[in-house]
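Colleague: Could you walk me through this one and tell me what stands behind the terms you use?
Modeller: Gladly, let's look together.

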Amino acid sequence: MSTRPVSSLSLRPSTRTKLIKAGFQTVKDLQETTLIELSKDKVTSISASEALQQERKLCPISTSCEAMDQMLGGRGVPIGKITEFCGAPGMGKTQLGMQLCVNVQIPHNLSGPGGEAIFIDTEGSFIAHRAAEIAKATITKLNENTVAGDDSLMNFENVMSRIYVSKVHNCDELIALMKILDEFLQEHPNVKLLVIDSIAFHFRQQFDDMALRTRLLNGLAQDLNKFAQTYELAVVLFNQMTTKFKLSRDYNVKDQAALVPALGESWGHQCTNRIVLYWRNEVRCAQLVKSPNLQETTVHYQINSDGFRDYLSNLNNNGKRRWEEEKIIQDNT
């Protein structure tokens, strides 16, 4: 029994990983360690300087929209944090998710994370054909300046095979998935992106007990934070919008209504960065409304046949064609 490997013990996968990383290989190693010594191995601390160096080593995920990347700190969606995009239907949230699933696979020597992606689909919105279009366009663009035979070349079949799609049909399935995701991430250490599209869908439809919903959401947020930090991956959540009424006490003043992110104000504190997507003058806009280190900024973007891209003015000769193309794609999402 004393020679039994720690990896075979009936423990949470994350606990087994921590023990092995701390140098515990067999049961005998644990038996020779006191609880105090074990707790010292579990509790670690690093300096702020070391934390900064670790963050700099993590390669963000480009959105393929330079303006959006700049807004998010210069290079894209950060690794190790939760980023939430909120918007009404037709804003391109799902297509941004698919674009990120492709871009997370950009090799290190092309300034990418060189990872894999998990796409959790709660709405049935993941369309493999559209993901393939985005993948082909992105691969073509990246390979234009890459020499044949170079390891940097991205292969379509490889890209599609490294996007793991899981469809969930209710809150129970989503929460159950979170409980087994730990083990999946250990078996797939190259996963650097976890997308949930959307986080609000089932929680808005299935709950009359708001206290229970809040507890479940808080537990979900804790799991997502743990995944982001333990496995050094980016968590990207897509959220819906809801109407919030501000009642006026003055009979002569009309009540005011505004679109706000769903799931309430307390949920908004769970994410590191929050971006709201909306239309203004027939142009898609993205506004960074919450971040611990970035200034509130608004940028423009577009969705075209290639995927998520920088907005180009539709006042030139090709503008009308691009605008019609974008509207066609919007109608199909």
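**Cores and sheet**

Modeller: The largest nonpolar core has 39 residues, and Phe85 and Leu193 have the most contacts inside it. Helix H6 (residues 93–103) gives the most to this core, with 5 residues. This is a predicted model, where local features need pLDDT of at least 70 and side-chain atom pairs pLDDT 80 or more, while totals for chains, interfaces and linings use all residues. Residues are numbered from 1 along each chain as its sequence is written, and side-chain values use heavy atoms, without hydrogens and water.

Colleague: Why is this called a nonpolar core?

Modeller: Because the term means buried Ala, Val, Leu, Ile, Met, Phe, Trp, Tyr and Cys residues joined through side-chain atoms within 4.5 Å. Buried is under 20% relative accessible area, exposed over 50%, partly exposed in between, with a 1.4 Å probe and protein chains only.

Colleague: Which residues does Phe85 touch?

Modeller: Leaving out residues up to four places away in sequence, Phe85 touches several, including Met68, Leu72, Leu96, Val236 and Ile275. Contact here is heavy atoms within 4.5 Å.

Colleague: What makes E1 and E8 partners?

Modeller: Two strands pair if DSSP finds at least two bridges between them; 5 bridges join E1 (residues 82–87) to E8 (residues 273–280), and the two run parallel. Strands are DSSP runs of E, at least two residues, and helices are runs of H or I, at least four, numbered from the N terminus. Phe85 stands opposite Ile275 in E8.

Colleague: What is the order of the strands in the open sheet?

Modeller: The 9 strands follow E3-E2-E4-E5-E1-E8-E9-E10-E11, with mixed pairing. E3 (163–167) and E11 (307–310) each have a single partner strand, so one side of each has no neighbour in the sheet.
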